[in-house]
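Morning, everyone. I'll keep this short. Please have a look at the sequence and the model on the screen before I start.

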Amino acid sequence: MHEHDHAHSAHAPVTDRDELTYYEKRVSAIQSLLIEKGLMTADEVRRAVEDMDSRTPALGAKVVARAWVDPAFKTRLLTDAKAAVAELGIDTGTLSTLVAIENTEKLHNVVVCTLCSCYPRPILGVPPDWYKSVNYRSRVVVDPRGVLQEFGLELEQDVEVRVYDSTADMRYLVIPARPAGTEGLSEEELARLVTRDSMIGVARARMPHQSAVPSPQSAV
Amino acid sequence: MSAKFKPGDSVRVRIGAPPGHFRTPTYIQGKTGSVVAVHGAFRNPESLAYGGDGLPKQFLYLIRFDQTQLWNQYTVSPQDTLCIDIYEHWLEPI
């Protein structure tokens with residue numbers, strides 16, 4: 001925070017951006033037409049957006065934490081993820097098929113959609129921008145270890161890195177490995193260690209002593 | 001209707017660029033991998049994308065490739081793999 005000991009110029013008036021982008025205009029035009037033709041209502045659009053916005057990685061984290069504490073649940077999750085997730089009251093209605101893939105000491109899975117941005121939205125919410133970037137989508141298949149390194153994840157040579165390119169009807173959820181030293185934690189505490197990135201596979205789950213936001217390191 | 005391939009089968013991805021929408025990335029075309037799982041039968045996106053009914057349904061497979069088979073420069077870690085979902089009409093037996 002800076003000191004307020006100087007005169008501020010008047011704030012610029014708050015305005016929306018002047019110009020919509022090409023795709024914003026196109027979406028808006030299609031939406032108006034569909035509503036005009038009676039194929040859907042504005043309220044349905046609003047409700048769909050509201051539902052999408054209510055989906056966050058906390059849902060996925062709940063699933064992973066349950067899998068960590070309940071081996072029978074984990075088996076069901078790996079066999080039929082959609083049904084297992086439904087046990088926790090999470091509706092994945094719009095998702096055709098959900099597949100859970102497990103990271104272990106010797107296998108690290110990471111997910112991409114090279115063709116577009118397929119993502120298990122009903123349990124992870126809206127994908128991060130980088131997931132949709134051409135950079136990530138094109139590079140993670142060719143050089144997964146290099147890309148993971150850029151995310152701060154160094155993997156041993158003897159770990160198999162397995163990239164999942166979700167090109168079709170399957171949506172993949174990574175079950176990150178449970179961090180060491182978490183034996184005494186409750187399911188709710190464990191869920192807090194499961195980040196969005198760890199469920200895409202570009203990171204490990206947080207260690208219990210790591211806080212969500214790194215604190216600046218003091219210079220030595 | 002039954003699936004043409006089963007887990008463990010070696011398959012090659014066809015090479016092609018049919019007009020319109022298809023979901024077989026070019027980097028995987030012509031490559032040889034093995035079937036990991038049969039996901040089931042799904043409507044064909046090449047028809048769905050243009051308002052078609054997507055029928056007949058196509059079996060969809062999870063195919064695994066060795067990264068060293070996909071990229072010449074992939075030499076660091078020979079055990080690394082890539083899994084991808086491919087529809088049956090894009091696969092041929094070896």
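How many residues of chain A are in contact with chain B, and how many of chain B with chain A? Keep in mind that this model is predicted. The count is 19 residues on chain A and 17 on chain B.

Next, where those chain A residues come from. Three elements of chain A each give two or more residues to the side that touches chain B: α8, residues 134-142, α9, residues 144-150, and β3, residues 160-165. Of these, β3(A) gives the most, with six residues. By type, that side of chain A has nine nonpolar residues, five polar ones and five charged ones.

Let's stay with β3(A). What does it pair with in chain B? The partner is strand β4 of chain B, residues 81-87, and the two run in the parallel sense, with four bridges between them.

Why does P128(A) count as partly exposed? Because it has 16 C-beta neighbours inside 10 Å, and partly exposed lies between the cut-offs of 12 or fewer for exposed and 20 or more for buried. P128(A) and D197(A) are 69 residues apart in sequence, yet their C-alpha atoms are 9.1 Å apart in space.

Last, the domains. The assignment for chain A gives domain 1 as 22-53 and domain 2 as 55-200. The C-alpha centres of these two domains of chain A are 30 Å apart.

How values were computed:
Residues are numbered from 1 along each chain as its sequence is written. Chains are lettered from A and ligands numbered from 1 in the order in which they are written. This is a predicted model: local features need pLDDT of at least 70, side-chain atom pairs count only at pLDDT 80 or more; totals for chains, interfaces and linings use all residues. Two residues are in contact if their C-beta atoms, placed from the backbone, lie within 7 Å. Ala, Val, Leu, Ile, Met, Phe, Trp, Tyr, Cys and Pro count as nonpolar, Asp, Glu, Lys and Arg as charged, and the others, Gly among them, as polar. Two strands pair if DSSP finds at least two bridges between them. Domain bounds come from an automatic or database domain assignment.
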